[in-house]
Amino acid sequence: MDYETLKLIWWLLVGVLLVGFAIMDGHDMGMGVLLPFVGKTDLERRAVINTVAPHWDGNQVWFITAGGAIFAAWPLVYATAFSGFYWAMMAALWALFFRPVGFDYRSKIKNPTWRNTWDWGLFIGGAVPPIIFGVAFGNLLLGVPFHFNDLMMSTYTGSFWALLNPFALLAGVVSLAMITTQGANYLMMRTEGDIYRRVRAASLIFAALAIVTFALAGVWVANGIPGYVITSAVDPNALPDPLAKTVEVSAGAWMHNYTQYAWAKWVPIAAFAALLASIVFSRLNQAGLAFWSSSIACAGIIGTAGVSMFPFIMPSSTDPRSSLTVYDAVSSHLTLGLMLGATVIFMPLIVFYTSWAYKVMWGKVTTEYIAANDKSVY
Amino acid sequence: MLTEELVDLSRLQFAVTALYHFLFVPLTLGLAFILVIMELTYVITDRPIYKDMVRFWGRLFGINFALGVTTGITMEFQFGTNWAYYSHYVGDIFGAPLAIEGLMAFFLESTFIGLFFFGWDRLNKWQHFMVTVLMALGSNLSALWILIANGWMQNPVGAEFSFVTMRMEMTDFWAIVFNPDAQAKFVHTVSAGYVTASLFVLGISSWYLLKGRDLDFARRSFRIAAGFGFASALSVIVLGDESGYTVGEAQQTKMAAIEAMWETEPAPAAFTLFALPNQKAERNDYELQIPYVLGLIGTRSLTKELPGIKEIKEKNRARIESGIQAVVALEKLRKNRDDWAARSQFDLHKADLGFGLLLKKYTVDVSQATPEMIQKAVDDTIPKVAPLFWSFRIMVALGFAFLLLFSLALFYSVKGNFIEKKWLLRWAFWFIPMPWIAAELGWVVAEYGRQPWTIYGVLPTHLSVSNLTPANIYGSLAGFVGFYTVLLVVEMYLMTKYARQGPASLGTGKYHGEKASGGALPADAPAQKI
């Protein structure tokens, strides 16, 4: 397979892994966001938590694998983004700390303060990472202040607080609303009674919020945010060297792909349609269809960010030629090919046994079930 | 600007978080297999006590695993956040095993651990057993890929530097996978994990036996731990010995430092049992040696020589001088790729590029390096001897102590009278923390012993860091120390609570401290139809 094709495939595959993360880890993070509000008693909260008890750990690996794949396929992106967004990454990491211990330790001690503390820990672990990843995507669209020296050492010249600008915060809300909808739709499938009614209401509210904020962000990008264009000739098969190109900031550039490629507009359209469908199916009490709709919405929203910026991954606002693109931020031909092979072999296996695990554990989790299995469930 | 303060802080943060993560890894690796053995016994004999054993030790496994997962994410983030240049420079090689680890191993382990805990009522005996096997397999495969990545840092095979992309690029994936260094490390590390878990089970079971409670449960656990522990302790010594240290140059340097061997000795070299290393004078102020032993262990021969520190340093001096040429040529090439004179100069000295980069610690313009700078760089190539010398010796002494303890435990298990041997039970109980100490020292030997490199001979540590300010690292380090302290307190509290409670924590009504009837609902009750 030639180098150009592999570079494009890896852009798609990183997208697939991020979407997989949003769908899978997203639904248990969304559970965390909703937990303190939809569970009014300890038993109710335990019922909510136990819908994901056997699965959160496997789901979290989507996140870890997406990180590993970015490291392996786009080492410069991994290096530059993680070190540049230092404090944002630390905040996401520390928020994630609350999840494994929150899940496993919460119900091991019968003390209301202890349990309530971990419930809020699960809330933090569910809410903070999606907000931060949304904010990070917002900042990618705006361009990030960094540059490389001759030896390709990157320096980030912005501050943590500069990341929290209005547009990026809006992107953070889009992300949080998307993940919470996903969590609510999942919980609709696995709960009943009062909890079900509460998560259904949440599903409707957050899907609506996602539609409004996503539309707002779209209008903002189309009218108020300059994009980036490569102004030198691009040889997609060249050895990756970001500094070999020239880049300019250009108003409306993030809309170019939608005029250039007819199919591109279907990505945001799918996002809107899927969010609407999620609302319709929630109203109709079709939890399964609502879940699949919000899953498609995750793909549509993440895909929209990717398609708008293509071929850029991480544009530099202070030294545009240092911008990272799908052509010049990538690993070697051999590594990309090898990683593709590994993905093709293992991804179907993962989907297979994950589905089996869900199938085994499927069913409504009730408060009665929790009471009867007090010592063996979370 | 990469100041020494920044580099030291970044290293400190990495060391703190890696050593902390490694408090939880060994127990996971080993306990998973002990659970497999117990559950296999259960499916074959059909005796419920073995199921209770799997569930009880499994619960302690879970408490430990939660922190393993928590602190593992830190490791993945940290290469990017704090070691950005490293990630760029070797990501093409180093990233691949990490990503494959996720795809092949971590998904497996994490998906099946959920079914392990929650699938008892929904899977038949054999299905559940398979789940446990896959979980154990996943955790050990995970260790394999991480150690392949780590082995490459010690012995960077199958890769080449490209001046266009300004990084190392993979040339031979299988050389990286079958790197002898990685293979030796894998066997040694997982065996150490098995020893840790065996001693954990052995020690806690001994405590029950000393208290005279849950005797049947504890006796069976003790026997399994004694058998598995004996095999593991043997493996960790036989397969983890210094034979791994002769495969690459990095390891030869490490070995010379571990042995405080300043001069190249005629083969076979003596093993230094005790010494007071004096790095400044490059000699030991006092030493006690056993002739021939080191040469035999290290080279498996009577005639092969092991280089001493002074000889290694002189070789390195030549490589640093050649490396200067490589760095100078590289900097020209980065400005103009078609500079053919620079190109041929670079090709000639390319192999020593990493050694030239060592001088970047002392001067931006390597071509202006003074003899004093070169001398400093040469001295840098040898890690500090005393901490390595002692870490290694304590680790080895502990290793033999484990072997002795498990031999006796196995011997009396076979004889069947270990319950009477109070001294043995006490020894096992008080020895519980020791494998952790040995494992942490092993990390120190392997990683501290690799200094001044992150990738031996390729990338110096001081160039590997992210270009941050020290204030950033002070802040994040404080955060890690704070979080990790609280988490450790919570974990230890739960671990002790459940270990003290013993199998009664399962609520089956059969164990010490439980009322024969009433009280908690039986946990084995079939799942309510829903």
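# A guided tour of chains A and B

Select helix α5 (residues 86–106) and helix α6 (residues 112–142) of chain A: their axes cross at roughly 145° and come within 7 Å of each other. The model is a predicted one. Viewed along the line between the two helices, the crossing of α5(A) with α6(A) is left-handed.

Next, display the side chains at this contact. From α5(A), select Ala88(A), Ala91(A), Ala92(A), Ala95(A), Leu96(A), Phe98(A), Arg99(A), Gly102(A), Tyr105(A) and Arg106(A). Coloured by class, the contact of α5(A) with α6(A) shows 15 nonpolar, 3 polar and 3 charged residues.

Now zoom out to the whole of chain A. Its secondary structure consists of 14 helices and 6 strands. The radius of gyration of chain A is 21 Å, close to the 21 Å that the globule rule gives for 378 residues, so chain A is as compact as a globular protein of that length. Along the principal axes, the C-alpha atoms of chain A fill a box of roughly 65 × 40 × 35 Å. Colouring by burial marks 59% of the 378 residues of chain A as buried. Among the contacts in chain A with a separation of 6 or more, 81% join residues 24 or more positions apart.

The contact draws 67 residues from chain B and 67 residues from chain A. On the side of chain B that touches chain A, select α3 (48–82), α4 (84–118), β2 (167–170) and α19 (470–501), the elements that each give two or more residues. Of these, α4(B) supplies the largest share, 24 residues. By class, this side of chain B has 38 nonpolar, 23 polar and 6 charged residues.

Remain in chain B for the last stop, and select helix α7 (residues 180–211) and helix α16 (residues 422–430). These two helices of chain B pack at an angle of about 135°, with their axes 7 Å apart; α7(B) and α16(B) are therefore oblique to each other. Their crossing is left-handed. To see the contact, display Leu202(B), Gly203(B), Ser206(B), Trp207(B), Leu209(B) and Leu210(B) of α7(B). The contact of α7(B) with α16(B) comprises 7 nonpolar, 2 polar and 2 charged residues.

Terms used:
Residues are numbered from 1 along each chain as its sequence is written. Chains are lettered from A and ligands numbered from 1 in the order in which they are written. This is a predicted model: local features need pLDDT of at least 70, side-chain atom pairs count only at pLDDT 80 or more; totals for chains, interfaces and linings use all residues. Two residues are in contact if their C-beta atoms, placed from the backbone, lie within 7 Å. Helices (H or I, at least four residues) and strands (E, at least two) are DSSP runs, numbered from the N terminus. Ala, Val, Leu, Ile, Met, Phe, Trp, Tyr, Cys and Pro count as nonpolar, Asp, Glu, Lys and Arg as charged, and the others, Gly among them, as polar. Axes are lines fitted to C-alpha atoms, for helices over the stretch in contact, and angles run from 0 to 180 degrees between N-to-C directions. Angles under 35 degrees count as roughly parallel, over 145 as roughly antiparallel, 65 to 115 as roughly perpendicular and the rest as oblique. A crossing is left-handed if the near helix is turned anticlockwise from the far one by less than a right angle, and right-handed if clockwise. The radius of gyration is taken over C-alpha atoms; the globule rule is 2.2 Å times the number of residues to the power 0.38. A residue is buried if 20 or more other C-beta atoms lie within 10 Å of its own, exposed if 12 or fewer, and partly exposed in between; C-beta atoms are placed from the backbone.
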